[in-house]
Amino acid sequence: MKNFLKITISLLIGIAGLFLIQRIFLPKYTKDVVEGSFIEEYYDDKPDHDVVFIGDCEVYENFSPVELWQKYGINSYIRGSAQQLIWQSYYLLEDTLKYEKPKVVVFNVLSMKYNEPQNEAYNRMSIEGMRWSMSKVNNINASMMEDEHFVEYVFPLLRYHSRWNDLTSDDFTYIFDTPHESFKGYYMRIDEKAASNVPEGPALTDYNFGENSYYYLDKITKLCKDNDIELILIKAPSLYPYWYDQWDKQMVDYAKEHDLTYINFLELTDEIGIDFEHDTYDGGLHLNLSGAIKLSDYFGQYIIDNTAVTDRRGEAELSAKWDKVIAEYNQEIENQKKEYNITD
Amino acid sequence: MLFASYEFIGFVLVLFALYYLVPKRCQWPLLLIASYVFYFLANPWYLVFITVTSLTVYGCGLWMGKIAATQKEYLSKNKENLSKEDKKTYKNQMKQKKWRVLLLGLLFNLGILAVIKYTNFTIYNINSLLHIFGSKARIGFIDILMPMGISFYTFQALSYLIDTYRGTVEPEKNVFKFALFVSFFPQLVQGPISRFGDLSKTLYSKHKFDGKNVAFGFQRILYGYFKKLVVADRMLIAVKAIIAAPENYQGAYVFVGMIFYALELYADFTGGIDITIGIAQVLGIEVTENFRRPFFSKNIKEYWNRWHITMGTWFTEYIFYPISVCKPMLKFSKFSRKHFGDVIGKRMPVYLASFVVWFATGIWHGASWNFIVWGLGNFVVIMISQELEPLYRKFHNRFHVDGHTSYKAFCVIRTFLLMSALRTFDCYRDVPLTFRMFGTIFTNWNWHILWDGSLLSLGLSLYDYIILAVCVVILTSVSLAGRTGSVREKLLKKPYPVRFVIFYGLLVCIIIFGAYGIGFDASQFIYNQF
Amino acid sequence: MKIRNLLIAGLATALLCGCSSGEKSIGGNNEEAPAPVETATQDVAQGDTAQAAPTGYYLTVNDYKLAVDQPMETVIASMGKEESYFEAPACAFDGVEKTYTYNNGAIEVRTYIAADGKDYVNFVVLKNDLVSTDEGLSVGDNTEKVKQVYGEDYKDNNGSFEYTKGNMKLLIVIEEDAVVSIQYISTAVNN
């Protein structure tokens with residue numbers, strides 16, 4: 001009995017200790033690569049969104065849910081992450097549907113160009129924030145690069161152990177909880193860097209999207225159909241990476257074949273009023289706040305006009321929640337104005 | 001499945017659980033299954049090789065056993081009828097018969113080993129000769145599958161064969177038990193090379209769960225992983241950087257590489273053996289020790305009695321002694337004493353036998369000239385120190401340094417440096433290059449690299465060097481503590497919380513400071529390739 | 001501005017392929033940023049203008065042998081100011097893929113960042129017939145000419161020609177029997 005107690009207590013202390021160490025070693029994504037914290041933040045939001053965006057940086061840097069709310073009363077959330085691959089989008093959608101059933105899902109099709117896993121660090125940022133479920137398990141299995149091990153996702157300490165000489169005070173401050181970095185999934189930037197000399201992509205030997213990409217696009221389509229969700233495919237108005245005409249045609253054809261809406265915003269920049277002199281912060285890859293507001297204004301109108309999504313500004317509880325986000329959002333604008341020395 | 005892989009750790013943990021859950025009579029069959037699964041997972045074809053070796057050696061063993069039994073029966077039946085002479089003739093006849101069976105087993109299995117390991121080396125040498133004689137003809141290399149640990153299990157099986165011939169062990173009747181002896185997975189990859197008489201004592205017995213034994217086993221496994229992951233794999237990064245760019249890293253770098261390689265090899269190899277012996281201990285099985293603090297040796301001969309002991313014993317038992325006492329050698333001994341006088345004549349046969357042993361040791365490590373040169377390097381150093389022995393003794397007597405701590409330390413360091421220097425042959429794996437690089441230690445005077453930050457270009461950060469320094473202190477302290485008995489027994493006397501902190505700390509150290517995962521090269525245990 | 005201490009050392013350089021590179025034509029995965037070619041870095045270090053001979057095909061522009069894996073510094077020093085320049089930062093992490101254009105838009109040079117943090121030539125693209133390859137092939141030539149110039153030892157990549165030589169491959173993209181693009185691709189970063 002005494003022995004049993006000894007062993008039990010040792011095990012408990014041992015496991016608790018390892019858990020604590022693991023929490024310390026996990027990257028906190030607070031200061032620099034804030035994008036890494038987006039996926040996890042979703043779970044803190046009340047899951048009754050009407051519109052959910054899935055996709056890569058072209059969704060979380062180009063659309064502003066706050067603007068959609070303020071202007072149209074659209075309650076939306078962006079489940080975006082850096083270089084989110086199409087199967088990651090699919091499994092994130094599967095995961096989202098465990099909590100809520102939005103009326104509209106918006107998917108940015110740039111990731112169709114990646115047929116295989118690309119980069120371990122991006123995978124981690126897209127996957128690690130997910131809560132454990134079969135969707136996460138399948139997501140990991142679909143995303144792992146060579147030399148990666150599933151067990152390193154279950155016990156991320158095995159992956160991040162070598163951070164011991166990179167630990168900062170943040171790693172201890174935010175052991176259990178990290179502050180929110182996004183505004184309903186939106187990553188805000190207000191600085192400007194005009195787009196110029198954006199090169200065309202080099203000629204490719206094969207413009208057809210890969211089988212794997214189509215397989216998951218089919219799955220996204222089916223998942224939405226099965227759940228009575230309207231799926232809207234978009235290509236965000238980012239000038240780079242280059243979006244080939246041949247790629248666009250495939251998406252047009254796919255949308256037609258599956259009775260979906262596909263909007264290539266690259267063709268609508270004039271109509272939307274995007275000015276690549278001022279509306280981008282990195283030379284045409286991503287829009288800044290001013291660009292995101294224009295794009296959101298345009299797209300919000302489309303959603304209100306063409307889908308079942310309605311204005312919910314009348315809901316007191318929801319409005320109150322948004323007001324809090326809006327306050328933080330405005331504060332961030334002020335902060336960035338100071339950071340980038342911008343005066344109105 | 002490498003020792004340092006998640007799969008292996010999972011495999012072993014599941015096996016441990018099953019081992020103590022199944023009925024005790026099923027324990028050794030379970031080990032056999034596990035060993036074959038382990039080997040199968042490495043490559044299904046490996047099983048063919050190990051099965052053939054197991055079956056042929058088993059068969060030869062039985063055959064020799066039968067001859068011995070017939071002999072015994074015949075002699076006891078005809079005790080009265082036979083004269084002493086007759087008995088002797090009969091015994092000789094039977095010995096001849098056994099000898100033929102032994103030879104068959106030896107040649108067949110060494111043949112497999114030779115073909116697999118040395119065909120391409122032979123082709124390489126023939127091609128070199130053709131080149132020397134100006135011929136343009138070349139023989140193409142052959143793609144041969146080399147079963148993991150073939151040198152180890154073949155030697156282990158052959159030791160059984162020879163022991164059976166000598167009558168020191170009874171032939172094993174159960175073919176499955178014998179197959180387990182050959183394939184026992186913890187030692188399959190890198191030894192130790194166990195002898196049947198030793199391993200069989202505990203391999204097949206029924207084992208009750210013994211808390212202390214299991215805890216000790218786990219402790220040893222932990223220590224093994226610590227050596228392997230924290231020390232060896234970290235040092236390997238610097239060693240690889242140095243040997244990959246001989247043009248950039250010369251002089252003091254070569255010296256640093258030499259020391260690091262010695263330490264890395266030590267941590268890697270002894271760490272692996274710790275894991276092997278630890279696993280066996282958890283299973284209640286005793287495996288022969290393979291190291292006894294080798295870096296504390298005061299001369300090379302002593303070093304070889306303490307480093308890779310089972311291999312050294314194998315070569316001594318099965319090559320050195322038989323050669324020393326075989327008939328041609330005795331003849332040679334007589335001949336040389338007659339022609340060269342007593343002083344040299346007496347030494348000639350010993351030298352010849354030693355030469356053969358060291359040549360074999362070299363080529364056993366790998367089919368290339370660097371290993372042969374390395375083996376013969378050891379031979380030369382041992383012979384020289386033996387010849388200088390009288391001189392040393394004079395020196396000792398004159399200056400009364402014997403027993404002096406500082407002199408002992410000098411001897412230890414000297415031996416360590418000498419062994420490390422010889423090891424550079426298997427570092428660069430290119431004999432002329434090794435000589436050239438070694439020469440730069442003396443010609444390229446750049447010792448400032450030791451303190452001017454140049455060492456940070458080898459892929460290790462300052463923190464890594466600090467970790468390594470601390471680890472070397474830990475390894476040395478543990479070794480020193482081990483001189484007066486088992487360290488784990490000593491720790492057992494400490495209060496439980498102290499022990500808990502030590503071993504939990506060790507585990508956390510391995511997890512955090514281990515040089516594994518993305519960013520670190522997964523390096524195999526160095527001895528896998530032999 | 002962005003982190004270096006977040007992930008283990010060296011990983012950051014491997015993150016370039018973010019959303020800003022990795023087109024199919026160059027093989028996709030830029031997982032591993034390799035150490036730069038030894039001779040090339042030494043050139044820079046010694047300020048030596050003498051070039052190490054490239055192991056694969058290269059393009060001679062104003063007596064300069066432009067080849068993959070060369071330090072971009074050297075290229076700029078030898079080829080003069082580019083006509084246009086574009087940089088694409090990687091999502092979230094450090095790292096910028098740079099594109100330089102020369103000779104009236106005929107030559108495009110794209111870079112990668114190696115482990116030493118410097119830019120190296122990832123690939124060189126000939127986009128129109130203003131410039132021919134050293135061997136005499138131009139955009140617009142037909143497939144017969146390709147085989148005539150570079151031989152039969154090629155890999156058929158969806159109707160395009162792929163010639164491997166040294167540390168690079170030469171990709172000649174064909175559309176309707178005509179060369180539309182000639183690409184010198186580093187095999188060190190693009191498998």
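Chain C has 3 helices and 10 strands, and keep in mind as you look around that this is a predicted model. If you walk along the chain C sequence, the elements come in the pattern α-β-β-α-β-β-β-β-α-β-β-β-β. Chain C has 191 residues, and 48% of them are buried. Take the contacts in chain C between residues at least 6 apart in sequence: 54% of these join residues at least 24 apart.

Now look at what E5(C) pairs with. Strand E4 (residues 96-102) of chain C runs antiparallel to E5(C), and 4 bridges join them. Strand E6 (residues 119-126) of chain C is also antiparallel to E5(C), this time with 7 bridges. Arg110(C) is a handy landmark here: Thr99(C) stands opposite Arg110(C), and Arg110(C) also stands opposite Phe123(C) in E6(C).

E4(C) and E5(C) form a hairpin with 4 residues between the strands, where Asn103(C) takes a positive phi near 50°. In the hairpin of E5(C) and E6(C), 5 residues lie between the strands, and Gly117(C) in the turn has a positive phi of about 85°.

Over to chain A, where strands pair in the other sense. Here you'll find an open sheet of 5 strands with parallel pairing, in the order E2-E1-E3-E4-E5. Strands E2 (76-80) and E5 (261-264) of chain A are the edges, each pairing on one side only. From one strand to the next, the twist averages 20°.

Is E3(A) mostly covered or mostly open? It is mostly covered, with 5 of its 5 residues buried. Val104(A), Val106(A) and Asn108(A) are buried on one side, and Val105(A) and Phe107(A) are buried on the other. Val52(A), for its part, has Val105(A) as its bridge partner in E3(A).

Helices lie across this chain A sheet as well. Helix H5 (residues 86-97) of chain A lies across E1, E2 and E3, running at about 155° to E1(A). Helix H12 (residues 245-257) of chain A lies across strand E4 (230-235) and E5, and runs at about 155° to E5(A).

Chain B gives you some helices to follow. Start with H3(B), which has 32 residues and reaches 46 Å from its first C-alpha to its last, close to the 46 Å expected at 1.5 Å a residue. Its buried residues include Tyr46(B), Phe49(B), Ile50(B), Val57(B), Gly61(B) and Met64(B). What covers the buried residues of H3(B)? Among the elements doing so are helix H2 (27-42), H4, helix H5 (150-166) and helix H6 (175-183) of chain B.

Of these, look at H4. The axes of H3 (residues 46-77) and H4 (residues 84-132) of chain B come within 10 Å and cross at roughly 180°, which means that H3(B) is roughly antiparallel to H4(B). Sorted by class, their contact has 15 nonpolar, 5 polar and 4 charged residues.

Finish with helix H10 (residues 252-282) of chain B. It has 31 residues and reaches 44 Å from its first C-alpha to its last, close to the 45 Å expected at 1.5 Å a residue. H10(B) is mostly covered, with 29 of its 31 residues buried. Following H10(B) is Gly284(B), whose phi is positive, near 85°.

Conventions
Residues are numbered from 1 along each chain as its sequence is written. Chains are lettered from A and ligands numbered from 1 in the order in which they are written. This is a predicted model: local features need pLDDT of at least 70, side-chain atom pairs count only at pLDDT 80 or more; totals for chains, interfaces and linings use all residues. Two strands pair if DSSP finds at least two bridges between them. Helices (H or I, at least four residues) and strands (E, at least two) are DSSP runs, numbered from the N terminus. Axes are lines fitted to C-alpha atoms, for helices over the stretch in contact, and angles run from 0 to 180 degrees between N-to-C directions. Two residues are in contact if their C-beta atoms, placed from the backbone, lie within 7 Å. Angles under 35 degrees count as roughly parallel, over 145 as roughly antiparallel, 65 to 115 as roughly perpendicular and the rest as oblique. Ala, Val, Leu, Ile, Met, Phe, Trp, Tyr, Cys and Pro count as nonpolar, Asp, Glu, Lys and Arg as charged, and the others, Gly among them, as polar. A residue is buried if 20 or more other C-beta atoms lie within 10 Å of its own, exposed if 12 or fewer, and partly exposed in between; C-beta atoms are placed from the backbone. The expected span of a helix is 1.5 Å times one less than its number of residues.
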